[in-house]
Each structure stands twice: as C-alpha cells, then as structure tokens.
Amino acid sequence: MNDKETIISLLNEFANPQKMASFFVNNSTPDFLCIRPSGNPLDAKGFEQMIAGDIVQEKAEITRIHRFEFLSENIVMCIFTLGSKFTYKGTPNDDLPTVTSIFKKVNNV
C-alpha cells in the first residue's frame, strides 16, 4: 500500500465501532490530543475511556474525505466527515462530525 492507502485504511479502522475506543491508544503519538466539540482536549486514554464508558457505538463510517494533503514527506492532513450512530447515556444520537486529523510517519510507520 502507498501512504495514502495506508492512511485511508487507518481512517476506516478508526471508524470501526469495535476498534474506535482503543484506536488512539494503539495508533497515536504520546502527545496526541482529540479536541472535542466542547473544546475540551482528551489524550488517547481519555478518548478510550469516553468511548468505552457512556457511549455505545452502533455504526460509524467515513462518509466523505474533504481534503487530503501531504504537508511534508512525513506529515499528512486529512479532513473527513464521520457518519456516526451511537447512544450516549441511553440517548440515541445520529451525528455527522467533520474531523481534522494530522498523521505523522514515525520510524517509517
């Protein structure tokens, strides 16, 4: 796989409801941050706890990639929409967040 295919494969892995909670624990750098819509940052472990706690993820899929840009040989920015259907504390949600992500190749991975 080339780099773009690898990143799209990672995005699809993230969108897998069975893998979403642990995705960043397994695939992020130590300085990873997820900025929630509320503005509150979460590290990888915090994201895992949030998703594995009060959220029951039913469905998730990458519905559109808006921008995919190599910023350097080892850095890629990808902006995508994530179709997400989940229950939060018993309340059903059908969400379409747009996500900005930065990918960094570390040790050729």
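Buried means under 20% relative accessible area, exposed means over 50%, and partly exposed is in between, using a 1.4 Å probe and protein chains only. By that scale Lys105, at 24% relative accessibility, is partly exposed. I will come back to Lys105 in a moment.

First, the ground rules. This is a predicted model, where local features need pLDDT of at least 70 and side-chain atom pairs count only at pLDDT 80 or more, while totals for chains, interfaces and linings use all residues. Residues are numbered from 1 along each chain as its sequence is written, and side-chain values use heavy atoms, with hydrogens and water left out.

Now the salt bridges. A salt bridge here is a side-chain nitrogen of Lys or Arg within 4 Å of a carboxyl oxygen of Asp or Glu. The general idea is that side chains of opposite charge can pair when their charged atoms come close. The whole structure has four salt bridges. One of them joins Asp3 and Lys105, at 3.1 Å from N to O. Asp3 lies in helix H1 and Lys105 in the segment after strand S6 (98-104), so this pair ties together parts that are 102 residues apart in sequence. Asp3 is partly exposed, with a relative accessible area of 33%. As for the names, helices (H or I, at least four residues) and strands (E, at least two) are DSSP runs, numbered from the N terminus.

Another salt bridge joins Glu48 and Lys45, at 2.8 Å from N to O. These two are three residues apart in helix H3, so about one helical turn separates them. In general, an α-helix has 3.6 residues a turn, so residues three or four places apart point the same way. Glu48 is buried at 17%, whereas Lys45 is partly exposed at 45%. Lys59 and Glu61 also form a salt bridge, at 3.5 Å from N to O. Lys59 is partly exposed at 45% relative accessibility, and Glu61 is partly exposed at 36%.

Next, cysteines. How many disulfides are there? A disulfide is a pair of cysteine sulfur atoms within 2.5 Å, and by this rule the count is zero. The sulfur of Cys34 is 15 Å from the closest cysteine sulfur, in Cys78, which is too far for a bond. Cys34 is buried, with a relative accessible area of 18%, and Cys78 is buried at 0%.

On to helix H2, residues 20-27. Its buried residues are Met20, Ala21, Phe23 and Phe24. They pack against helix H1 (3-14), helix H3 (44-53), strand S3 (55-70) and strand S4 (75-88).

Phe24 also turns up in the last topic, the largest pocket. Its volume is about 1,600 Å³. Of the 49 residues that line this pocket, the closest to its centre are Phe14, Phe24, Phe32, Val99 and Ser101. The lining divides into 29 nonpolar, 13 polar and seven charged residues. A pocket is an open set of points on a 1 Å grid over the protein atoms alone, where a 1.4 Å probe fits, with protein on both sides within 12 Å along at least five of seven lines; lining residues have an atom within 4 Å of a point. Grid points are joined across faces, edges and corners, and the volume is the space filled by probe spheres set on them.

Finally, Ser101 lies in strand S6 and is buried at 14% relative accessibility. Leaving aside neighbours within four places in sequence, Ser101 is in contact (heavy atoms within 4.5 Å) with Val76, Met77, Cys78 and Phe80.

Conventions: Nonpolar A, V, L, I, M, F, W, Y, C, P; charged D, E, K, R; others polar.
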